[in-house]
Amino acid sequence: MTGREEVPPPGEEVELYFSDVFAFVKEFLAPTVRRRLNGSSATWCPRWWEHPEAGARLSALWLAWEQLRLEPTLGLSTWWLHHADPHLRVLMDTDLGPFAACSPKEGGHTAYPFDTLPLEEYDPEAQPL
């Protein structure tokens, strides 16, 4: 990736650099982002795709990267500051993040360590918004 790809004309479909979020994480994010993964300052799950929130956040990161890589001046800086940094802070948070019960080493995935958000049935007739 040179960072100098041409911006396509309006309405023209952009060709993706990475074929999917898995390629993006494997080929770009994992080799680029380096953190002390000690379980106290940051953590990661080697089976990130099994965490719905992580999959959603990493997909959002990938799609934002695909779009912003085409901006010739501030695109990638914008991606790091406004997309990658906030998402990575949440993902790697050892207390509240989706990987909080997992370990980056020794296949430390914990399937569904936390319950889903509690919900009650909404009745629009009894409680209109």
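The buried residues of helix α2 pack against α1 and α3, where buried means under 20% relative accessible area, exposed over 50% and partly exposed in between (1.4 Å probe, protein chains only). Those buried residues of α2 are Ala54, Gly55, Leu58, Leu61, Trp62, Ala64, Trp65, Glu66 and Leu68. Helices here are DSSP runs (H or I, at least four residues), numbered from the N terminus. The model is predicted: local features need pLDDT of at least 70 and side-chain atom pairs count only at pLDDT 80 or more, while totals for chains, interfaces and linings use all residues. Residues are numbered from 1 along each chain as its sequence is written, and side-chain values use heavy atoms, with hydrogens and water left out.

Helix α2 has 17 residues and reaches 24 Å from its first C-alpha to its last, close to the 24 Å expected at 1.5 Å a residue; the expected span is 1.5 Å times one less than the number of residues.

The axes of α2 (residues 52-68) and α3 (residues 75-91) come within 9 Å and cross at roughly 175°. Axes are lines fitted to C-alpha atoms over the stretch in contact, and angles run from 0 to 180 degrees between N-to-C directions. The two helices are therefore roughly antiparallel, a term for angles over 145 degrees, whereas 65 to 115 counts as roughly perpendicular. In contact (heavy atoms within 4.5 Å), residues of α2 including Leu58, Leu61 and Trp65 meet residues of α3 including Trp79, His83 and Leu91. By class, this contact has eleven nonpolar, four polar and two charged residues; Ala, Val, Leu, Ile, Met, Phe, Trp, Tyr, Cys and Pro count as nonpolar, Asp, Glu, Lys and Arg as charged, and the others, Gly among them, as polar.

Helix α1 (residues 21-32) meets α3 in another way. Their axes come within 14 Å and cross at roughly 90°, which makes α1 roughly perpendicular to α3. Phe24, Phe28, Leu29 and Thr32 of α1 make the contact with Trp79, Trp80 and Leu88 of α3.

The largest nonpolar core has 26 residues, of which Phe24, Val25, Leu29, Leu58, Trp79 and Phe99 touch the most other members. Such a core is a set of buried Ala, Val, Leu, Ile, Met, Phe, Trp, Tyr and Cys residues joined through side-chain atoms within 4.5 Å. Helix α2 gives the most to this core, with seven residues. Not counting residues up to four places away in sequence, Val25 touches Ala30, Pro31, Trp44, Trp48 and Leu58.

Leu16 lies in the segment before α1 and is partly exposed, with a relative accessible area of 40%. Leu16 touches Trp62, Glu66 and Arg69, not counting residues up to four places away in sequence.

Key. Angles under 35 degrees count as roughly parallel, over 145 as roughly antiparallel, 65 to 115 as roughly perpendicular and the rest as oblique.
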